[in-house]
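Visitor: Could you walk me through this model, starting with the spaces inside and then moving on to how some of the helices pack?

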Amino acid sequence: MNQIKTKNTLLNWELVSVNPNDKIWDWKDLFCFWGCNIQSVIGFSLIASIYLVYELNVFIVLLGTLIASFLVYFFANLIGKPSQKYGLPFPVILRTSFGVKGAKYFSLVRGLVGIFMFGIQTYFLSRLLSFLIRILIFSFDNSFLDHNIFLIFLFGLNIIDWTAFVFAVFFQAFLFSKSHQFNRSIIKLSAVTVYSGMFIFFLTVFLYDVKVTSAAFIDIFSINNLFDKNNIAPLITVVGTIFAYFSIIIVNFGDFSRYVKNDSELKKGNLSLIINLLIFSFFAVFIVIGADIFLNKNLENMERILTNPTDIIGKIDNTELTIIVLFFIIFSSASTNLIANYVPTQNILLNIMPTKLNIKNSAIVIAVLGFIIGILWLPLLSQIGILSFVDTFGAFFGPLFGIMIIDYYLIKKTNLDNKAIFSLKENDLYSFSNGWHLKAIYSLVLGFIFAASTIWNESLMSFHSFSWIIGAFISSLIYYLLASK
């Protein structure tokens, strides 16, 4: 669709309210959405580790997981409702709290994290793809990879790695930029496909030795020391860890909830997060236990358990199974990249340059920036501790959320002026001080200071998992005190 021809620099076809006829997401779509969020190598390793590696009581881990998922459910409903009601994405809703100009720059914080993580995740996705290419080449000619051309490296990548990386970057950009409806199809297909793959993997390890694997799985459900006061600290840790995993997607959840039919479907769909966590946790734990039995014939030494799916298939000498599992991991990595990184970044770029960018050329921008970040990851970025700086930018997310929620529900009483959101007139509702809302900015900075202190202050690092909540609480309290006057 052609861009809107207007002098108003805030309008863009992708940013305006969704046509009611296009609000077709229901709870099943959100089930797939939350499924894709957890269906990743990191999600698999995280779930398996907290259940098996750290020797925590399984019921404590389960309770912590449920508490964290209810927190995510509650916050997702709060932030998702404005976008669902008005059909507007995160950076546009942000204009109502920070001003039409302020929202451009403060939403950029989420965009910077998104584009950076898009590049990194694409790099690791391409590594999986390069492994798959090597396996396929080796299966046809086991001497072909001995040629000298494969020993030439640039930025730590040889010709196979470069081919896989370039393909991964631009193929993702091509697919994700087709349309929102197509992205919806990707999300649904990915969730169903990955769960199908996990079920196949589950059957593989289960049928290897049904009796032993089942007994080992049941044995982890011990009630010993269940009601010990020493379980309080581990419970809090599990809650913080699981919540922190989902926190990156909460603040811009409106980018997706804007397509949901109604509030009822939104709440039912968000509730499916809990179901997803239970299903995924069952598969992840059972697969890890079964694989450990298959590999080691010993479940007593928990430290030897492999929780990373790529490590597990690396130990299993089965080429066919390795290819199948790699395919599912690549699929899940791409869909997670779409939800957590690509879509938020695209909407923020469109919000920054609404008259110059569209869904197609913004994809080129994302692909080029992601390409640069990806090729620099191994030789430079991974060596300088860049992820600490990414975490620091992430410390803005909680405060942004807190201000948006207080502003929408308590200050504006859930009423927004759709026309004023796209207006640059000086005296319009969301112009504030020349397009900047100073009270919101002040609240954001104070909330950020508290949240970021859990990253850089050694005495507060134990609260790092709760930095999002801390920042949201501080900024929301300060903003309410300032804006309610």
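Visitor: Which element gives the most to the lining of the second largest cavity?
Guide: Keeping in mind that this is a predicted model, the element that gives the most there is α18, with three residues.

Visitor: And which elements give two or more residues to that lining?
Guide: Those are α5, which covers residues 95-98, and α18, which covers residues 397-411. The residues that line the second largest cavity are Pro82, Ile93, Thr96, Ser97, Met404, Asp407 and Tyr408.

Visitor: What volume does the second largest cavity have?
Guide: The second largest cavity has a volume of about 40 Å³, and the residues of its lining divide into four nonpolar, two polar and one charged.

Visitor: Which residues line the largest cavity?
Guide: Its lining is made up of Trp25, His180, Asn183, Arg184, Ile187, Asp255, Phe256, Tyr259, Leu338 and Val343.

Visitor: Which of them has the largest share, and how do the lining residues divide by class?
Guide: The largest share comes from α9, which supplies four residues, while by class the lining of the largest cavity has six nonpolar, two polar and two charged residues.

Visitor: Switching to helices now: at what angle do α20 and α21 pack?
Guide: Helix α20, residues 438-456, and helix α21, residues 467-483, pack at an angle of about 155 degrees, and their axes are 8 Å apart. Because angles over 145 degrees count as roughly antiparallel, α20 is roughly antiparallel to α21.

Visitor: Is their crossing left-handed or right-handed?
Guide: The crossing of α20 and α21 is right-handed.

Visitor: Which residues make the contact?
Guide: On the α20 side the contact is made by Lys439, Ala440, Tyr442, Ser443, Leu446, Gly447, Phe450, Ala451 and Thr454. On the α21 side, the residues that make the contact are Ser467, Ile470, Gly471, Ile474, Ser475, Ile478, Tyr479, Leu482 and Ala483.

Visitor: And how many of those are nonpolar, polar or charged?
Guide: The contact of α20 with α21 has eleven nonpolar residues, six polar residues and one charged residue.

Key
Residues are numbered from 1 along each chain as its sequence is written. This is a predicted model: local features need pLDDT of at least 70, side-chain atom pairs count only at pLDDT 80 or more; totals for chains, interfaces and linings use all residues. Side-chain values use heavy atoms; hydrogens and water are left out. On a 1 Å grid over the protein atoms alone, a cavity is a set of points where a 1.4 Å probe fits but cannot get out, and a pocket is an open set with protein on both sides within 12 Å along at least five of seven lines; lining residues have an atom within 4 Å of a point. Ala, Val, Leu, Ile, Met, Phe, Trp, Tyr, Cys and Pro count as nonpolar, Asp, Glu, Lys and Arg as charged, and the others, Gly among them, as polar. Grid points are joined across faces, edges and corners, and a volume is the space filled by probe spheres set on the points. Axes are lines fitted to C-alpha atoms, for helices over the stretch in contact, and angles run from 0 to 180 degrees between N-to-C directions. Angles under 35 degrees count as roughly parallel, over 145 as roughly antiparallel, 65 to 115 as roughly perpendicular and the rest as oblique. A crossing is left-handed if the near helix is turned anticlockwise from the far one by less than a right angle, and right-handed if clockwise. Contact means heavy atoms within 4.5 Å.
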